[in-house]
Amino acid sequence: MEISFTGQRALVTGAGKGIGRGTVKALRAAGAEVIAVSRSPEDLQSLALECPGVETVCVDLGDWSATEAALSDIGAVDLLVNNAGVALLQPFLDVTQEAFDRNHAPILNAPSIHHQIVARHMIKRGVGGAIVNVSSQASQVALQDHSVYCATKGALDMLTKTMALELGPKKIRVNCVNPTVVMTDMGRANWSDAHKAAPMLNRIPLGRFAEVDEVVHSILFLLSDKSTMITGSCLPVDGGYLVT
Ligand code: NDP
């Protein structure tokens, strides 16, 4: 199945590392113009060297007004990937305000503002578009020490569905992918301990965690014209974790 994004412009958040970085590279390889949005300038500089032609925007997506200022003049965007996120895991009774704000802000606050900026542009241009939010299997199942992360990703799933409902008539599709653990920096920080990872792996019918490319391919499918009748869906990329 050939997927091409030639002539389309994509914006990817959390583009500096992991799944976001992989998504930028795959979109470029498939012909898209790409705006890479992330927080650490050195990541964006190395990405621009690796992927010539990628535009970069350095902003903390946890800051609503800074995000609005950085992206309000971004222009036409056909494809949006809301991927930025952090996972600060704490037992529920020990959750701090800081952990709540740091988990919640990039996943929900900022996606809301740049969802709005991008969707308004799409509607003004009358061409529609496609949006993919990077959620998690944690949106649908409780995991130890994940209360804030699970709650935030659960909210992201519902944001995806309500946006699909409201933006569908404007020809904008909105979906999310819900991966299991991926051994990015985030995955390694939380799942490198084999003792902790074993029960999770034992519940995955395919018996392993996901690779970055497996998530990226699902994102590209949902952005592409191969999924034109799919909106409001939450696609597990979890080796079957959620079936049990
Ligand atoms: P990484 O930690 O590898 O990369 C996350 C990227 O997002 C980094 O470039 C980071 O920048 C950026 N980012 C985080 N917060 C902000 C912010 N406030 N403003 C701007 N950029 C920000 O994570 P992954 O690639 O693993 O995760 C990507 C998404 O996938 C997340 O939404 C995560 O919840 C989700 N996911 C990940 C899984 C996993 O096991 N890895 C499993 C399921 C879902 P910086 O490093 O500079 O902070």
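The briefing that follows covers the ligand, its contacts and the pocket.

This is a predicted model, in which local features need pLDDT of at least 70 and side-chain atom pairs count only at pLDDT 80 or more, while totals for chains, interfaces and linings use all residues. Residues are numbered from 1 along each chain as its sequence is written, and side-chain values use heavy atoms, with hydrogens and water left out.

**Shell around the ligand**
- Of the 30 residues around the ligand, Lys17, Arg39, Ser40, Tyr149 and Thr184 come nearest, where being near requires a heavy atom within 4 Å.
- By type, the shell holds 12 nonpolar, 13 polar and 5 charged residues, with Gly counted among the polar ones and Tyr among the nonpolar ones.
- At least two shell residues come from each of α1 (18–29), α5 (147–167) and α6 (185–191), and α6 gives the largest share, 3 residues; helices here are DSSP runs (H or I) of at least four residues, numbered from the N terminus.

- Oxygen atoms of the ligand lie 3.4 Å from a polar backbone atom of Gly16 and 3.2 Å from a polar side-chain atom of Ser38, a polar contact being a pair of N or O atoms within 3.5 Å.
- A polar backbone atom of Leu61 is 2.8 Å from a nitrogen atom of the ligand.
- The protein covers 93% of the 900 Å² of accessible area that the ligand has on its own, as computed by the Shrake-Rupley method with a 1.4 Å probe.

**The largest pocket**
- The ligand sits in the largest pocket, which is to say that more than half of its atoms lie within 2 Å of the pocket's grid points.
- A pocket is an open set of points on a 1 Å grid over the protein atoms alone, where a 1.4 Å probe fits, with protein on both sides within 12 Å along at least five of seven lines.
- This pocket has a volume of about 920 Å³, taken as the space filled by probe spheres set on the points.
- Its lining has 41 residues, with Gly85, Val86, Ala87, Thr184 and Met186 nearest the centre, and lining residues have an atom within 4 Å of a point.
- The largest share of the lining, 6 residues, comes from α6.

Methods
Polar contact = N/O pair within 3.5 Å; in protein donor to acceptor, adjacent residues only side chain to side chain.
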